[in-house]
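User: I'd like to talk through this model with you before I set anything up. Could you bring it up?

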Amino acid sequence: MVHRALKLAAAAGVALLMAGGVALAQDARPYKIGSILSLTGGGALLGERMKTTQEMMVEDINKKGGINGRPVKLIIYDAASDVTKAVAATNRLISQDEVDIISGAGNMSGLALAMKPIAVRNGVPMISNEGASGIVEPIDKSAWAFKSHLTDREVIGRAIDYWKSKGITKVAMLSDTSGFGTSARDELKLQAPGAGINVVSWEEFDMGANDLVPQLTRIRAANPEAILCWTVAPSGVVFMKNARQLGMKQILMHGFGYVVPKYMEMAGEASEGTVLVSLRFPVGKQLHDSDPTKKVILNYIAQHKAKYGSEPDVYGAEAYDGMLMAFKALEAANSFDKEKIRQALEKLQFIGTNGLYKFSPQKHYGLTKGDAVVMEWRKGDWRLLMGAETK
Amino acid sequence: MTELLQLLISGLTIGSIYGLVAVGFCMVYNTTEVINFAQGEFVMLGGMVAATAASGFGWPLPVALLFAVATVTLIGLVAEKLTFGLSRKPEVMNLIIVTIGLAIVIKGAVMMLWGKFPKDLKAFSGEVPLNLLGASVTPQALWVVGASVLVMVAVGFFMKRSATGMAMRAAAADRGTAALMGIPVARLSTFSFAVAAGIGAIAGVIITPLTMTSYEQGTLIGLKGFCAAIIGGMGNVYGAFLGGLILGVAEALAAGLGASGYQDAVAFLLLIVLLLVRPSGLLGGTGRERIVKL
């Protein structure tokens with residue numbers, strides 16, 4: 001009889017201890033931020049830049065005491081530029097690692113678009129640093145998806161602004177067959193007619209293509225004034241080289257996935273004068289002091305240089321803003337309740353490296369067309385051609 | 001008309017590379033009956049080593065190129081000794097799978113050691129394009145086609161006319177009997193692998209100024225070269241090269257005449273069509289003996 005009672009008491013005691021232990025663990029449980037990046041494959045270059053910045057930021061915030069007194073844990077998986085892997089990794093982040101928020105969706109639009117329904121279905125806030133507008137639209141299907149920067153809609157719109165400012169009416173588009181390329185192609189198809197831009201040639205290429213002469217031959221025959229190439233892969237270098245080899249004199253342009261000095265250097269003389277539409281970051285030092293993003297940009301550059309000995313690039317800056325969004329939302333929500341974190345994201349307003357962010361329940365991307373700049377590659381550096389229109 | 005010529009030039013250039021890769025496949029196949037799926041990686045290695053030697057070490061271009069070909073040949077030799085040489089059951093099927101593993105190891109090692117960013121090489125004689133009946137040809141394209149044809153002729157001559165070449169073909173036809181006849185089968189196997197690696201490296205160094213190279217480049221080039229070898233008739237060096245040219249031109253025409261997004265599929269489509277229509281390849285034999293062996 002006494003044995004039985006003792007046993008019961010012991011069991012109850014252990015259970016209480018465990019409950020207490022769990023409560024204690026819960027109390028010290030860190031905020032878990034998941035990130036899917038492409039560290040191998042076609043998007044590898046951008047992925048690496050994003051990874052170093054994300055790691056730097058998490059380390060930094062933990063040094064400062066974490067968010068709301070809790071440490072932050074960053075879990076990164078490599079999606080290898082592959083949609084299937086991205087989907088598998090996302091499921092793992094959600095069900096196995098039980099992350100509170102995802103910041104970083106594969107650094108490729110195709111992957112982000114595949115991850116979105118998973119985040120929505122499981123009710124996990126997802127912050128994407130990728131380009132396609134479909135990531136945050138239509139809004140009724142994107143309650144849990146947010147974007148750290150412009151969609152390709154704004155960037156294409158800015159390219160159109162540039163063409164109009166130069167009196168250019170005939171252009172050609174050479175896009176890759178990835179989600180990023182096709183989304184931009186669809187955007188141009190939508191916007192060009194209304195803006196009076198005549199797209200005389202639509203060509204495509206696979207991300208691994210190392211010879212674009214056939215496509216460029218067809219483009220040459222259509223006689224455009226400018227050629228817009230849209231990719232993140234090294235094929236974009238081949239584009240510039242082949243075009244000049246063929247003796248083509250058109251303005252060569254790239255989208256905001258190509259703002260990489262090394263790519264420009266690899267194309268040698270062919271990249272001289274290439275025009276790109278981009279976020280502010282690469283020309284941050286050329287910005288006017290009154291531009292509020294300038295301080296954030298310089299601060300980020302200094303931080304990166306101190307830790308890694310090199311300056312970051314625009315993709316690191318996108319990841320920076322994306323991580324900043326996660327930090328601020330977690331801080332504002334002050335809870336593990338994902339719905340509260342989501343609502344915090346919808347109320348965000350802050351100055352990042354790439355502009356003045358303002359979110360709302362109807363608009364899950366924080367920047368506007370005016371945050372895109374047009375610049376060219378001249379003599380080994382970016383030169384601002386058409387500036388940002390600050391709010 | 002100039003458009004068609006431009007496409008043809010483009011196709012023949014990249015086709016020569018596919019042809020060289022296919023010749024590399026033939027080399028190993030003719031000696032061991034094994035299909036060496038690491039052939040594409042040798043191409044990539046050639047470009048990588050040359051690019052590193054030229055820009056990383058700052059060596060003059062010709063030295064860098066020779067160094068690359070020599071190094072990759074050596075790597076091929078060592079790789080064969082460590083894989084085929086050590087396998088206790090040198091059956092064709094097993095060895096083919098071993099080469100797949102080798103390819104993956106090489107690719108991974110390059111990714112770890114060299115990183116993911118593509119590397120480039122300076123064009124051998126500048127980049128000013130020449131005018132050929134209205135189409136523009138880069139000097140590098142001439143290097144590619146010229147060097148490839150030279151290698152093809154040399155290898156073809158070697159395989160058909162030289163004593164070693166005949167010994168290699170004997171070893172492939174019947175390893176046991178050849179060994180009994182005093183033919184050093186193991187050494188020939190190593191030799192063929194090393195030469196195939198060297199051919200791959202040559203392909204790599206001549207094409208890198210046009211396409212740049214990265215750790216991933218080898219896989220698709222290897223597969224397309226394999227298709228080319230099958231199209232031309234596996235085992236026939238001239239057929240393999242021809243297969244490569246046909247493949248290159250087909251790709252360029254497909255892209256140039258509309259289906260630019262499906263360029264990569266052309267190789268595999270051609271392969272399927274050809275295997276259905278003429279399984280022994282364009283210049284291959286009746287193919288009966290091959291099927292019996294496999």
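Predicted model: local features only at pLDDT ≥ 70, side-chain atom pairs only at ≥ 80, totals over all residues.

User: How does its radius of gyration fit with a compact globule?
Analyst: The two agree, because a compact globule of 294 residues would have a radius of gyration near 19 Å and chain B has 19 Å. Along the principal axes, the C-alpha atoms of chain B fill a box of roughly 60 × 45 × 35 Å, and 56% of the residues in chain B are buried.

User: Switching to the contact between the chains, how many residues does each one bring?
Analyst: Chain B brings 25 residues and chain A brings 26 residues. On the chain B side, helices H1 (2-32), H10 (237-256) and H11 (263-277) each supply at least two residues, with the largest share, five residues, coming from H1(B). By class, that side of chain B has 10 nonpolar, 10 polar and five charged residues.

User: Which residues have the most contacts inside the largest nonpolar core?
Analyst: Those are A:Met126 and A:Ile227, in a core of 124 residues. Helix H11 (residues 314-333) of chain A gives the most to this core, with 13 residues.

User: What does A:Met126 touch?
Analyst: Leaving out residues up to four places away in sequence, the residues that A:Met126 touches include A:Ile102, A:Met115, A:Trp144 and A:Phe146.

Conventions
Residues numbered from 1 in each chain as written. Chains lettered and ligands numbered in written order. Contact = placed C-beta atoms within 7 Å. Helix = DSSP H or I, 4+ residues; strand = E, 2+ residues; numbered from the N terminus. Nonpolar A, V, L, I, M, F, W, Y, C, P; charged D, E, K, R; others polar. Core = buried A, V, L, I, M, F, W, Y, C linked by C-beta atoms within 7 Å. Buried ≥ 20, exposed ≤ 12 C-beta atoms within 10 Å, placed from the backbone. Rg over C-alpha atoms; globule rule 2.2 N^0.38 Å.
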